[in-house]
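Hi,

Here is the structure I promised to pass on.

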Amino acid sequence: MAEIQIKNVAKRFGEYQALSDINLTIADQEFMVLLGASGCGKTTLLRIIAGLETQSTGEVWIGDKRVDHLPPKDRGIAMVFQNYAVFPHLTVFENIGFGLRMQKLPNDEVTRRVQRTAELMHIEQLLKRYSGELSGGQRQRVAVARALAMEPDVILMDEPLSNLDALLRLEMRAELKGVLAESKTTAIYVTHDQVEAMSLADRISVMHQGRIVQAATPVEVYRNPAERFVAGFIGNPPMNFVTARPEGKGRWNVAGQSFDGPASDAGALEFAIRPEDLTPAEAGLRATAKVVEPLGAHLLVTCEVDGALFRAVLDSDLVVKPEDSLTLAPMPDRVRWFDPETTKAVAV
Amino acid sequence: MTAVTTDTAGDTRRAGRYVYLASVTLLCAWVLVPLYFLLINTLSSPEAVNAFPKSFIPEFDLGSLTFFANFAGMLSALKNSILVAGVTMILSITISAPAGYALSRFDFPGKELFRLLILLTRAFPLPLLALPLAVMFIRTGLDDTVLGLALVHTTLAIPFAVLITFSLFSGIPVELEEAAWTLGCTRLTAFTKVVLPLILPGITASAIFAFVISWNEVFAAAVLTIENRTLTAFLLQNLDTSPLHLKFAGGFILVVPALIFIFAVRKYLFAMWGIANR
Amino acid sequence: MSTRYLPYILILPVTIFLCVFFLYPFVLVAQQAFWSDTGFTLDNFRKVVGHWKFPISLKNTLLLAAAVVPIQLALALLMATMVNNMGRGRDLVLYVWTIPLGISDLAAGIIWLAIFDQSGFLNSMMSGLGLIDRPMNLLSYQSPGLVFLAIMLAEIWRATAIMLVILVAGIGLIPKEYYEAAEVFGASPWKRFTRITLPLLRPSLSTALVLRVILAFEVFAVVQALGGTLFPVLMGETYNYQFELLNGRSAAAVALIILAISIAATLVILRVLRVPKGATI
């Protein structure tokens with residue numbers, strides 16, 4: 001029962017503009033991921049929603065209640081912290097039950113809910129232990145259980161998996177997705193890891209320099225980046241860009257080749273294509289291979305097109321050596337165009 | 001050939017090891033032997049203390065200590081010392097801990113100025129201020145009282161207490177507090193339920209530190225008390241006139257809390273200074 | 001809203017306290033020293049500096065600090081490095097070495113009196129070894145060198161611990177990797193000490209030195225217990241002016257002179273041991 005609305009939120013730290021004019025609506029039970037590089041303002045936004053930071057201007061609504069001047073405890077939220085913040089002086093049981101005790105719930109209710117969430121997170125055998133006796137992964141489970149036990153309207157997570165090793169991260173990611181879907185809470189999840197974002201999110205908000213540059217489903221963000229920044233940020237390796245010169249109405253010259261493009265009268269556009277949407281062919285972009293990296297599943301070739309850096313993900317059976325000449329054909333429906341002035345995507 | 005060289009290398013290392021152990025032992029003795037001498041004198045009869053040559057083993061006679069206990073004004077001086085140190089301990093922690101917390105948790109305009117004030121206090125020959133305070137206290141009726149002296153000693157202890165509590169609070173991750181807020185705590189309950197239990201041993205250590213600062217202080221105590229002398233002031237005043245065994249017994253009583261103090265706070269001593277340095 | 005004022009509310013008690021019991025009396029001291037009934041004057045300073053005891057007190061105080069502090073620094077550094085490499089027994093040794101930290105200067109004076117007194121342990125030892133026939137009065141005006149030595153030893157014994165604690169804490173903050181890197185590059189233990197420990201220890205060294213030097217200029221009770229009037233020092237003069245001569249203005253003037261020396265020394269130490277911005281650990 002909790003939709004979140006963020007209206008015109010901005011945050012300044014002295015001279016530094018950490019967030020500017022954030023508008024975002026997160027639907028009830030939606031899993032929203034805030035994705036961006038460090039310093040983009042994603043954590044600040046999360047902390048403003050939590051009430052750990054106060055916005056300079058703007059409003060935050062949770063459900064039909066305006067919460068932006070309420071302390072964290074009155075916002076109906078629960079939070080999972082990057083370094084877990086499991087209280088070292090309390091047992092796992094008392095950690096999970098901490099919030100329930102603050103609500104002055106009767107003892108048997110606390111026990112029941114702690115037991116249930118502990119089972120959900122598979123830590124029921126650890127309830128008597130202290131934080132110092134737990135592994136990183138176990139602490140992470142305690143932190144999530146502690147938040148879930150509150151049965152909050154909204155659960156906020158600040159890079160909760162970033163301190164785990166790769167394998168554990170994969171395991172927790174899947175588990176977290178299942179548990180949260182079942183709990184039917186609205187979730188906001190901050191991460192700099194795009195794979196994590198893709199795998200977890202109903203929608204991703206890509207943030208850059210204190211602004212949300214695109215908020216859309218993972219597939220949409222990947223396929224149709226709204227800005228050049230998103231195109232260059234999402235995807236590993238990210239999109240390739242080559243400057244395109246106008247050749248006449250709707251025709252553009254890209255590295256000596258003619259392509260159909262937007263009917264724009266801009267002096268130049270940027271032609272963009274994902275590395276995996278390229279195939280070697282008779283006709284296409286002429287490239288010179290520079291570095292060849294066999295990655296098992298496929299071959300990553302870093303090459304030069306028209307003096308620009310250009311990557312192609314090719315079939316691993318292909319034999320390519322540095323300084324080889326390649327002709328790479330882009331899949332026509334995967335080509336995207338960006339205006340170098342506005343950095344916005346230009347529709348065909 | 002190789003066997004010989006490794007052997008000499010081993011010898012050098014063993015010799016180095018002996019020099020090292022010998023130096024450690026010597027330095028321990030350097031600290032402990034003078035204390036042992038004081039112990040001998042304290043546990044000897046007044047006659048033995050003034051006799052010559054001295055025995056190097058205590059005779060376990062409580063004569064000197066009894067004399068000390070019966071010396072006019074001595075017990076009340078001891079009582080005053082404990083009272084002043086106790087009040088100093090409570091005052092300096094209750095006043096300083098909030099400031100230490102503010103320094104560790106907030107960035108606010110004027111923070112640097114405040115830190116400067118604290119550092120200035122630490123770098124200042126504070127006992128000198130006892131002189132004008134004596135005048136001020138006479139005007140306010142605080143002269144020659146336990147509270148008056150405790151106030152001065154608190155000023156002495158504040159820079160240490162602020163810096164120590166600052167470093168203690170800095171050792172508690174702010175996320176723990178934030179987690180408590182999101183789990184239904186106010187600032188105050190988060191402090192009492194999360195920060196306080198974690199910080200209590202450290203606070204105790206810095207309280208003991210404040211106690212000892214006051215317990216040991218001589219100059220201000222001598223300047224500010226006349227009738228209600230503390231032990232240090234009393235001993236100082238009577239240095240010229242009092243017999244040796246009285247001095248030694250008094251010195252011994254002064255030293256005992258120090259031994260307990262260092263033992264009680266030994267775990268915190270280095271951590272406290274580690275951050276307080278910066 | 002409340003978080004904006006909270007830090008100020010939290011530092012208010014200390015600020016008020018320091019204003020009343022530190023800044024205000026400080027102003028009073030200055031006032032007493034610089035003002036007479038007729039207004040601003042340097043008479044008080046002229047009077048105390050012109051007194052025959054002043055040069056001796058000043059010389060004694062400075063000489064004592066100059067003799068004691070370098071030895072303490074060397075000793076504290078030695079002890080700190082020794083402790084740093086220690087495995088078993090570290091806690092016990094550290095405890096023993098830090099005991100004097102809690103001992104007052106008065107008690108330290110009395111402890112060393114037990115050794116240097118006419119019927120003390122030094123005389124007993126010497127007579128036991130057959131070096132002397134009867135106890136000598138070691139702390140008399142006939143042997144100013146011995147009085148100085150006794151005070152020096154007592155000061156070194158008592159106040160090395162505070163430096164030790166600060167330096168041990170400081171060394172603990174230096175990451176082990178730096179030493180390992182230096183070792184890989186072939187630096188000897190001595191080179192590692194002079195090229196890594198010492199430079200990285202500068203903040204701790206300056207804290208330790210500032211604190212120690214200021215306390216050295218305030219030396220009082222140790223001297224009083226061991227030397228009495230044989231070895232006048234500045235702090236003792238303040239005490240005498242206040243109590244024996246009941247002259248508050250002169251006491252304040254001497255107090256300010258001590259303060260000036262302390263500030264000068266502090267500035268020199270901070271300047272010499274400053275760490276360039278960005279070169280901190």
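How near do the axes of helix α10 (residues 202–217) of chain C and helix α13 (residues 248–272) of chain C come, and at what angle do they cross? They come within 9 Å and cross at roughly 160 degrees. Axes here are lines fitted to C-alpha atoms, for helices over the stretch in contact, with angles from 0 to 180 degrees between N-to-C directions. That angle makes α10(C) roughly antiparallel to α13(C) (the label applies to angles over 145 degrees). The crossing is right-handed, meaning that the near helix is turned clockwise from the far one by less than a right angle.

On the α10(C) side, the contact is made by S206(C), L209(C), V210(C), V213(C), I214(C) and F217(C); among the α13(C) residues are I258(C), I261(C) and A265(C). Sorted by class, this contact has ten nonpolar, three polar and no charged residues. (Ala, Val, Leu, Ile, Met, Phe, Trp, Tyr, Cys and Pro count as nonpolar, Asp, Glu, Lys and Arg as charged, and the others, Gly among them, as polar.)

Before you dig in: this is a predicted model, where local features need pLDDT of at least 70 and side-chain atom pairs 80 or more, while totals for chains, interfaces and linings use all residues. Residues are numbered from 1 along each chain as its sequence is written, and chains are lettered from A and ligands numbered from 1 in the order in which they are written. Chain B averages a pLDDT (the predictor's confidence in each residue, from 0 to 100) of 82, with 88% of its residues at 70 or above. In that chain, confidence is lowest in helix α2 (residues 46–50), at a mean of 69, and highest in helix α8 (residues 174–182), at 93. Helices (H or I, at least four residues) and strands (E, at least two) are DSSP runs, numbered from the N terminus.

Now the chain pairs. 19 residues of chain A are in contact (C-beta atoms, placed from the backbone, within 7 Å) with 14 residues of chain B. The chain A side divides into 14 nonpolar, four polar and one charged. No contact joins chains A and C, and their closest C-alpha atoms are 9 Å apart.

Chain A also has an open six-stranded sheet with antiparallel pairing, in the order β13-β12-β11-β14-β19-β20. Strands pair if DSSP finds at least two bridges between them; β14 (residues 269–273) and β19 (residues 336–338) of chain A have three.

Cheers

Conventions: Contact = placed C-beta atoms within 7 Å. Parallel < 35°, antiparallel > 145°, perpendicular 65-115°, else oblique.
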